[in-house]
Amino acid sequence: MIPETLQTLLIAVAWPLAIAVAWTVGELAYRLLSLPRISSYGIAGFLMAANQGGFLADPSGGPVTLLAHFAFALILFELGYRINLRWLRVNPWLGASGVLEALSTFLAVFALARAFSIAPVPALLLSALAMSTSPAAVLRVANEVGSSGQVTERALHLTAVNCVLSVLTFKAVVGYWLLASIDSAFGAIWNSLGEFVVSVAIGGLFGVAVPALLRQIGDVERHATAAFAVATLLLTALTHALAFSPMLAALAFGLVARHRRVILSKAQSNFGTLGDLLTVLLFVFVAASLDWRPAPTAIGMVLAIVLVRLTVKTAAVTLFARLSGTTWRKGALTGLAMTPMSVLVIVLLEPTRHLHLYALDQVTGLVAIALLLEVFGPLVSQRALIWAGETRHLDAP
Amino acid sequence: MALTAFKAGEALTMGVELELQLVNWTDFDLSGSASDILHLLQAKKFPGEVKLEITESMIEVATDVHRHHEQLLEQLRRIRDQLVVASDRLNVAVCGGGTHPFQRWSERRISAKPRFLQLSSLYGYLAKQFTVFGQHVHIGCASADQSLYLLHALNRYLPHFIALSASSPFFQGVDTRFDSARLNSVFAFPLSGRAPLIFDWHEFEHDYFAKMEKTGVVKNMKDFYWDIRPQPEYGTIELRVCDTPLTVERAAALAAYLQALCRMLLQGDEAAPIEDDYLVYNYNRFQACRFGLDGVLVHPRNHQSLPLRDDIVATLRRVAPHARVLGSQAALDELQQAISSEGNHASFLRQQFDAAGSVQGMVAAAVTLFRKGRIRAR
């Protein structure tokens with residue numbers, strides 16, 4: 001009787017408890033070890049997950065999923081809001097380095113995956129995912145250490161570029177695979193290109209409508225954060241329900257809203273306390289979805305891929321550093337700052353599930369890569385920003 | 001270390017230094033990008049001098065020595081254009097203004113140069129709060145004694161420069177109701193204020209500077225934060241009360257006004273300055289900071305109240321013949337325009353705040369104005 005009650009209780013409080021534990025660990029580790037908070041959230045979430053013998057059940061499909069999507073969408077909105085398209089036009093070498101680093105990462109990881117005899121399609125999927133930098137990790141780390149400067153700005157802009165390229169490539173691979181495996185060509189095209197275009201269009205529509213609404217309401221300064229958060233929530237639910245990409249929509253929303261110029265104030269970055277809370281949830285959620293068990297078999301490949309991805313990204317960004325107006329050193333640090341991967345991985349895979357595409361299971365070792373970069377990626381980003389001397393809250397050791 | 005010998009040169013030459021703000025394009029807060037911009041500018045030939053300032057979100061540019069307003073303005077425009085090109089490549093915006101309206105001083109990063117780090121440890125939060133942006137105007141002097149004479153003869157005109165350049169109504173996120181809130185930050189420093197009334201350089205050097213040096217409080221002239229100070233190594237006097245205006249056009253006009261005023265004063269049209277002139281000095285300076293062009297001065301000699309605006313108009317008329325000789329009527333026209341219709345840049349910023357409804361919108365307008373150069377299209 002008593003154990004049963006205890007179990008019911010534990011199930012009832014599982015998520016709030018996990019969030020409380022992760023938050024506490026995050027604060028302590030930040031204070032004592034200067035570890036980025038999101039790394040701690042990830043480690044805590046991973047250890048508390050049922051897959052690892054913890055008390056958190058696999059959260060996929062539950063109400064927590066929508067919240068995690070919402071949390072991620074808020075981050076993407078903010079990333080979009082910080083992207084200055086004019087910069088990419090004025091400084092074309094920057095855009096070029098973004099395309100180069102994404103494409104060369106794709107090619108290098110693909111070659112490596114094939115060398116480890118992964119089948120072509122999973123290898124393509126893996127390479128497409130490896131292109132992207134985790135926008136959540138880069139943005140949260142940058143905000144956490146209060147960094148501003150070239151490395152920060154460049155890492156954020158290149159992250160936006162490689163995320164878009166990654167999604168495009170991923171959708172194209174999925175489209176190609178569907179084309180090969182089912183006989184509806186229309187369905188395949190619709191799923192890749194259509195999804196992309198419609199998602200961006202919905203986000204763009206929000207980007208026009210919400211600032212216009214805000215102007216009507218007035219007192220922009222006070223209402224902007226809440227209005228954008230509410231709109232992002234609606235956008236996430238809507239795109240999710242219609243099976244479009246909430247991620248692309250949120251990114252487009254932020255980008256268009258920025259260029260409609262309703263200006264967020266400094267205090268509202270991260271979406272304040274709401275953003276802080278949801279970030280804990282997001283990172284716990286992601287790590288809790290990971291299952292370590294199949295990973296050790298592929299450990300050699302995992303390490304090779306992580307290393308190659310890091311090297312290629314850093315080299316590609318460094319190559320164009322001087323042409324795009326900065327030093328070799330800052331170019332290299334920008335590449336390093338773009339190490340994190342992962343949140344995108346899971347959320348990207350999410351909408352493909354309803355297509356009966358169990359890509360996650362196809363790509364051996366992806367989990368381990370995700371986990372490794374989830375925990376160590378933010379640490380590398382943090383160090384890169386500190387070495388660049390762009391941080392405010394933490395000084396170089 | 002004794003005071004540097006005064007490098008006397010041609011009288012009435014002029015040079016301008018501007019401390020400019022670096023802000024980001026997203027929320028228009030200050031951006032710590034000075035060394036990145038400096039690195040980019042060093043790659044090309046920069047039409048002037050450019051250097052780091054105490055915090056990483058500030059950059060200082062300086063012109064060469066000029067005789068004419070036109071050349072000064074032309075160089076300032078080239079400097080501006082090149083700064084705009086470089087900052088665009090780095091996604092940073094450059095603008096004028098005496099303060100950044102909403103930056104938090106505690107968030108500033110001190111530049112990694114020994115002098116700045118030492119100042120920072122001495123002055124503590126004052127050093128970071130000193131993230132304010134001024135225009136310094138140098139006027140060449142034919143002799144050291146002339147520099148001391150000019151420095152004091154200018155005492156009663158100082159409020160003109162404060163009011164005309166004022167562009168710092170907001171500080172730490174609020175409207176201070178001052179037109180120049182920046183000067184309040186400067187006054188916090190122990191060695192700010194006025195120079196002692198000494199007209200003889202030898203006396204200044206041995207009876208004043210040497211004694212001060214012996215106290216250990218100062219090492220060189222740079223340690224004095226006076227409103228106007230002699231700069232022996234350049235052979236100039238340096239006017240330091242101006243906020244950095246929002247445009248280089250206004251900056252050049254202020255320099256030309258000072259040049260014409262100095263020419264008038266050097267001709268000895270006015271009674272020599274005396275210690276009692278300074279009785280009303282701080283009060284008048286306050287009036288100019290607080291109310292800008294709407295301030296009311298007390299005349300140091302006859303003790304009558306006179307509106308600052310009227311005093312400037314009258315002075316512009318008196319220096320007009322000198323401006324004609326120096327070829328700087330265009331500069332006086334610009335200032336006349338500010339007085340009669342546009343107002344100073346503090347009022348421009350307040351209008352922008354009202355129009356945009358946010359401090360960020362105000363900085364955005366300052367960025368645009370810096371590039372464009374004029375409030376109204378000609």
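In the predicted model, helix H5 (residues 92-115) of chain A and helix H13 (residues 299-319) of chain A have axes that come within 9 Å and cross at roughly 155 degrees. Angles over 145 degrees count as roughly antiparallel, and H5(A) and H13(A) are therefore roughly antiparallel to each other. The crossing in which H5(A) passes H13(A) is right-handed. On the side of H5(A), the contact is made by A:Ser97, A:Leu100, A:Glu101, A:Ser104, A:Thr105, A:Ala108, A:Val109 and A:Leu112, and on the side of H13(A) by A:Ala304, A:Ile305, A:Val308, A:Arg309, A:Val312, A:Lys313, A:Ala316 and A:Val317. Divided by class, the residues of this contact between H5(A) and H13(A) comprise ten nonpolar, three polar and three charged.

The crossing of H3(A) and H7(A) is left-handed. From H3(A), the residues A:Phe72, A:Ile75, A:Leu76, A:Glu78 and A:Leu79 meet A:Pro135, A:Ala136 and A:Leu139 of H7(A). The contact of H3(A) with H7(A) has seven nonpolar residues and one charged residue, with no polar residues.

In chain B, the axes of helix H6 (residues 158-165) and helix H10 (residues 281-291) come within 8 Å and cross at roughly 10 degrees. Since angles under 35 degrees count as roughly parallel, this crossing angle makes H6(B) roughly parallel to H10(B). H6(B) passes H10(B) in a right-handed crossing. The contact involves B:Leu158, B:Pro159, B:Ile162 and B:Ala163 of H6(B), together with B:Asn284, B:Arg285, B:Gln287, B:Ala288 and B:Cys289 of H10(B). By class, six nonpolar, two polar and one charged residues make up the contact of H6(B) with H10(B).

Two strand pairings were also examined in chain B. Strand S2 (residues 49-52) of chain B and strand S3 (residues 58-62) of chain B run antiparallel and are joined by four bridges, with B:Glu49 standing opposite B:Ala62 in S3(B). S10(B) and S11(B) form a hairpin with four residues between them, and B:Gly235, which lies in the turn, has a positive phi of about 70 degrees.

Between the chains, 23 residues of chain A are in contact with 23 residues of chain B. On the side of chain A that touches chain B, at least two residues each are supplied by H3, helix H4 (85-90), helix H8 (150-181) and helix H10 (220-241) of chain A. The residues of that side of chain A divide into six nonpolar, eleven polar and six charged. For the complex, the predictor gives an ipTM of 0.83 and a pTM of 0.86. Chain B has an average pLDDT of 91, and 97% of the residues score at least 70. Where pLDDT is low, the predicted coordinates should not be read in detail.

How values were computed: Residues are numbered from 1 along each chain as its sequence is written. Chains are lettered from A and ligands numbered from 1 in the order in which they are written. This is a predicted model: local features need pLDDT of at least 70, side-chain atom pairs count only at pLDDT 80 or more; totals for chains, interfaces and linings use all residues. A crossing is left-handed if the near helix is turned anticlockwise from the far one by less than a right angle, and right-handed if clockwise. Two residues are in contact if their C-beta atoms, placed from the backbone, lie within 7 Å. Ala, Val, Leu, Ile, Met, Phe, Trp, Tyr, Cys and Pro count as nonpolar, Asp, Glu, Lys and Arg as charged, and the others, Gly among them, as polar. pLDDT is the predictor's confidence in each residue, from 0 to 100. Two strands pair if DSSP finds at least two bridges between them. Axes are lines fitted to C-alpha atoms, for helices over the stretch in contact, and angles run from 0 to 180 degrees between N-to-C directions. Angles under 35 degrees count as roughly parallel, over 145 as roughly antiparallel, 65 to 115 as roughly perpendicular and the rest as oblique.
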